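Q: Hi! Could you walk me through this model? I'd like the overall picture and then the contacts.

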Amino acid sequence: MNDRHIILRVISKFLIPIIVVYALYVQFHGDYGPGGGFQAGVIMAVAIILYSLIFGVPAALEAIPAGFARGLASIGLLLYAGVGIWAMMNGGDYLDYDFLVEEEEGGHAGQHLGIILIELGVLFTVAGAMVTIFYAFAGRVAEIRDEDW
Amino acid sequence: MNVGTALISVGLLTMLFVIAVAIVRMRNLFAIVMLSGTYSLISAAWFVALDAVDVAFTEAAVGAGISTALMLGAMLLTSRTAKVERSLASLAPLLVCIATGAMLIYATIDLPALGSVTSPVNAYVGAEYLARTESDIGVPNVVTAVLASYRGFDTLGETAVIFAAGISVALLLGFGERSLTASMKDKSGRGRKL
Amino acid sequence: MSEFLSTISEYWTVFRPWLGAALSMLGGFLALVGAIGVLRFPDFYTRLHAASVTDTGAALVLIVGMCLLSPSGLVFVKILAIGIFLFLTAPSAAHAIANAAHTAKLEPVTGRFGSPGENVEEHGG
């Protein structure tokens, strides 16, 4: 039926998991090289957008529902703000990472934990927001046949 | 900055200028979206030439990657060509742009040299971040340390802005379920496949 | 036998940067050739072929050259991973563009070069 696009389907089936793994690599290596939450969230959203371009928006909506994307964005922001509240509950200022865990003087465990958690929050929010925006655009377009291009 | 880096920067900035002029003069929206993606990619190359790899990475991912895809999606909702503008109507904006540009170029005479050690950007807080990251945070990448720990409030604000943008687009344009319901009415199950 | 291998490895360490530099320059030359082709070719499909020379050929030759110039094993593996990714995606991108043009009924220019086109049917290519 759609044998015209078989090359793209095979290549993207092979590459979309690799793109997701690359997004996670960029996320967790933000401490040691260029990277961090923003880039990783965008790369993760690009993987989902590639899937929906090749296999259709309804297939993508079944894999990553629109409500899930919205919820993911909200959870990311709550995670980030929650880290600040956790620091306040342990006696420090808002978003003061030194008070997150009990540690000896001069240790960096709280800073590392705080940075990992907020970068995770940024990843969730950016990926969720980008996927939501894409679904909002793609969900309204009438089905354009290939000849109309 | 030695001569080689300066030449590369001048070359890349000239390409950016040419692309910007081309974007303004074109009327085919598809070509304009593609050129804006090229603009972002050459900006990313210029940022690498200036030794700002984190910024270059983000610019390449966001500008050349997802922004092009979203602009194409938005372009599908409107039309393929831009409207014609009467050339007389753009005379007053042209004069405003020329005046503002001249004032900005006049102001750059007073700026410190690029990368100079004594400039306020590199001397006061910046130098202290570079000196204290090792002992305060212990993370090798100073950009992440500044972004996530020293300026964590700003990053929280940025994340909130991205969240607000996503939610407002979803509220304005719909939550994306229309295409799914439309294709469920069509019993053969064909979606919008390529 | 081991002496022969050690002389080979000596020659290799001397020869490797030169080979890497030569391959990088070859990649740059291929990119230039591709750019000139995109500007000078008459038809969309021929221009797409020239662009794919830049995208696939020049990029992969540059990657092999950089692999030879890499200072450590980790950098070598990372550059190799980028090369494999480019090898997979650049030809599929060119294929996708040609596929889209063909689906939109853009006919290639046929006939002899320079002949008054009885076969020419270009929709703004």
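Chains and contacts

Q: How many helices and strands does chain A have?
A: Chain A has five helices and zero strands. Helices (H or I, at least four residues) and strands (E, at least two) are DSSP runs, numbered from the N terminus. Bear in mind that this is a predicted model: local features need pLDDT of at least 70 and side-chain atom pairs count only at pLDDT 80 or more, while totals for chains, interfaces and linings use all residues. Residues are numbered from 1 along each chain as its sequence is written, and chains are lettered from A and ligands numbered from 1 in the order in which they are written.

Q: Okay, and is chain A spread out or compact?
A: Chain A is more spread out than a compact globule, because its radius of gyration is 19 Å, well over the 15 Å that the globule rule gives for 149 residues. That radius is taken over C-alpha atoms, and the rule is 2.2 Å times the number of residues to the power 0.38. Along its principal axes, the C-alpha trace of chain A spans about 65 × 30 × 20 Å.

Q: What percentage of chain A counts as buried?
A: For chain A, 47% of the 149 residues count as buried, meaning 20 or more other C-beta atoms, placed from the backbone, lie within 10 Å of the residue's own.

Q: Switching over, what about chain C?
A: Chain C has three helices and zero strands. Of its 125 residues, 6% count as buried.

Q: Now the contact: how many residues do chain B and chain A put in?
A: Chain B gives 48 residues and chain A gives 58. Two residues are in contact if their C-beta atoms, placed from the backbone, lie within 7 Å.

Q: Which helix of chain B supplies the largest share of the side that touches chain A?
A: Helix 3 of chain B does, with 14 residues.

Q: How does helix 2 of chain A sit against helix 3 of chain B?
A: Their axes, lines fitted to C-alpha atoms over the stretch in contact, come within 10 Å and cross at roughly 30°. Angles under 35 degrees count as roughly parallel, so helix 2 of chain A and helix 3 of chain B are roughly parallel to each other.

Q: Which residues meet there?
A: From helix 2 of chain A, they include A:F38, A:V42 and A:I49, and from helix 3 of chain B, B:F57, B:A61 and B:I66 are among them.

Terms used: Axes fitted to C-alpha atoms, helices over the stretch in contact; angles between N-to-C directions. Parallel < 35°, antiparallel > 145°, perpendicular 65-115°, else oblique. Buried ≥ 20, exposed ≤ 12 C-beta atoms within 10 Å, placed from the backbone.
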